[in-house]
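Please view the structure first.

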Amino acid sequence: MKSHLRSRLAVGAMLIFFSWVLTSSAVPAADAISGVVRDAIGPVAGATVRIQATSQAVTTDGQGRFTVHGLPLDQPVMLTAWAPGYYIAGSVPYLPGSDGVELVLVPHASSDNPAYQWLSALASAGEQGNCQNCHADPASPDSMLPFDEWVKDAHGLSAQNPRFLTMYTGTDLAGNQSPPTRYGYNRDYGSFPLPPDLSQPYYGPGYRLDFPATAGNCAACHAPAGAVDAPYGTDPTQLSGVATEGVACDFCHKVWDVRLDPATGTPYENMPGVLSFEFRRPPEGHQFFAGPFDDVAPGEDTYSPLQTRSQFCAPCHFGVFWGTVIYNSFGEWLASPYSDPATGRTCQDCHMPARGATHFARPERGGLERDPAGIFSHLMPGAADQALLQNTAELRLAAEYQGDLITVTVAVANTLAGHHIPTDSPLRQIFLSVAATGAQGQALALQAGPVLPQWAGDLAGLPGVYFAKLLQELWTEVQPTGAYWVPTRIVEDTRLPALATHTSAYVFAVPEGRNRGEITVEARLIFRRAYDSLRQWKGWVAPDILMESAIIRIP
Ligand code: HEC
Ligand code: HEC
Ligand code: HEC
Ligand code: HEC
Ligand code: HEC
């Protein structure tokens, strides 16, 4: 492993010299290079030969031969080669006019090595291979290199997320723990859980309150580098080493395949996270990084088309608990027009957009300048990202007078999310809140139309609707609940699918009299990370985010 990383740094310079030796005596076109791609056994057909860091590439023929044309005269170009099952080879300079060029592919292991020790992303781990050494720029606080984005992203922080951990332990942020779950007894069926006693101090639900003796499956997605060896036996509060790095760099870039049910296209039930991935952890003495490029060399890297597909994200963004679908951004995407391979958009298209980076490794560590359109961000914005949330939905407001009433219609359209809104975690809600006020600022009374429910906390009773997947615990009937580690049922799912529009109508009474003055009608679309009682029990700081608002003034 170490030797290949060293070679990445040194080889480029050395080969400028060797390239002259590799040119042969045949006389090809002055602007072309031709040759053959082979492995230890013979020629490799169908290999991609690319002028490194450009979009110019050709494929080898049945004899492994290739020719690239249209090259600038007398300027050496770097060629790389890749074929499925092999590491990327080359990054060797050749002069146009060369013939008989030979690019030799080395196969990577075709099976996984479970004994492999994950590499930490952090330079502080003291190994040469730690990603931060090359994929970060300590000199630039706004660096767009993968490490500098990943440390800020929810994946890099997932094993340490205090909301996740307090839901696991049944504590609040200050460490106070709710009492253990109480049980009732029934002669026919044995013991069954009771709802919490809210007359006593309560700090919200927790996996450990219900299952004090087992670790659960949470780590299979939230701390996958640890859970690979023990998907149901990894306690997220007892992690060490790379497992503490959450969804770690090395983890995602060792993914080789995902196991999906051909009947549904989604992962199998009860196979969350690590259980639905296949890895290519390298044998002793080797390394292996799968990525979206086929021209990253020399080093033990390979191209994997899976890295650019939504299916890569599926094992963690689809999760069924006790037969109830809890997490499902992948399934919602799959069922939406966005999964159309020709006209759709992938998870990566929206969550890993190009941000204008020109490198993805520091230049002095071998990073090449590349087309910014092909370098993808690791920030993965989500529930905390105001800019993303303000680019998710459209709000249209209309109001008209009818005698001494005002009729208001509000349309909310999920125009920019590739799945339902809100998606994935059932803790989330989106509220539409509608208000009409008179000239003196007094709220006009709602005559007809929906109001927000009790669990909306400070918004309860206000005119409006909610978009949420509401779970109820089967035994205790607690609702809404985020304790999906116990059996739950979906009471209702009012979320807005991709590209769908929801319309609601409200009738407000206008105070009588000619001098009623100007009436203001306002609609606000509000994103809430966790339902109100949970936020309070846990002491989470997760302020609502205003997604959209619209206002109409009626003179
Ligand atoms: C959640 C999984 C995941 C994690 C964690 C992750 N990556 Fe990636 N990475 C991807 C995917 C997927 C792509 C390809 C995106 C595409 O093609 O649209 C990618 C692309 C890359 C690339 C190619 C350049 C680019 O940015 O497009 C590099 C280099 C890379 N990752 C390095 C890293 C490093 C270093 C870390 C940790 C500091 C890391 N990745 C963490 C999934 C991940
Ligand atoms: C199938 C993979 C998977 C499993 C298993 C899983 N989670 Fe999650 N969890 C996720 C994903 C993905 C998200 C992010 C979803 C989102 O942002 O909407 C998430 C988000 C959360 C959040 C919200 C965090 C926040 O900051 O708002 C909490 C809390 C949480 N999970 C708790 C748990 C607990 C406790 C368990 C075990 C009982 C568990 N999860 C099991 C995938 C999983
Ligand atoms: C010694 C420096 C160095 C270290 C350490 C390093 N990389 Fe890289 N990595 C590079 C360079 C250089 C490239 C290629 C840059 C280019 O061609 O522009 C690269 C490319 C990649 C790619 C792209 C592969 C492809 O084919 O698309 C991935 C993924 C990647 N690295 C992941 C990682 C991860 C994960 C770690 C940590 C576990 C890591 N790297 C550690 C230098 C390093
Ligand atoms: C190994 C499991 C795993 C994989 C693979 C994975 N994720 Fe996640 N993802 C998670 C977990 C766990 C969270 C929640 C972390 C938290 O909030 O603490 C999450 C959160 C997110 C979020 C929300 C971020 C936020 O700030 O709220 C987005 C967006 C996301 N993932 C997108 C993706 C995309 C796109 C891919 C595929 C390229 C992907 N994920 C692959 C496990 C995974
Ligand atoms: C067309 C663009 C688009 C596509 C495609 C897309 N998303 Fe999203 N995603 C969004 C937007 C916009 C939001 C913000 C709205 C929200 O949080 O519900 C979002 C939010 C999220 C969140 C955060 C949810 C939360 O409340 O914490 C997760 C997780 C997520 N997406 C995962 C995925 C995954 C996995 C895929 C692929 C299966 C995917 N997304 C495909 C646009 C997209």
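Which helices each supply at least two residues of the shell around ligand 4? They are helix 4 (154–157), helix 7 (219–222) and helix 11 (347–351), helices being DSSP runs of H or I with at least four residues and strands runs of E with at least two, numbered from the N terminus.

## Basis

The model is predicted: local features need pLDDT of at least 70, side-chain atom pairs count only at pLDDT 80 or more, and totals for chains, interfaces and linings use all residues. Residues are numbered from 1 along each chain as its sequence is written, chains are lettered from A and ligands numbered from 1 in the order in which they are written, and side-chain values use heavy atoms, without hydrogens and water.

## Iron sites

His155 (NE2) and His317 (NE2) coordinate the iron atom of ligand 4 at 2.0 to 2.1 Å; donors are N, O and S atoms within 2.8 Å of the metal (3.2 Å for Na, K and Ca), and with water not among the atoms, sites may look incomplete. His155 lies in helix 4 and His317 in the loop between strand 13 (301–303) and strand 14 (319–321), so the pair ties together parts 162 residues apart in sequence.

His135 is found in helix 2 (residues 132–135).

An oxygen atom of ligand 4 is 2.7 Å from an N or O atom in the side chain of Asn161. A nitrogen atom of ligand 4 is 2.7 Å from a side-chain N or O atom of His317.

Notes:
Polar contact = N/O pair within 3.5 Å; in protein donor to acceptor, adjacent residues only side chain to side chain.
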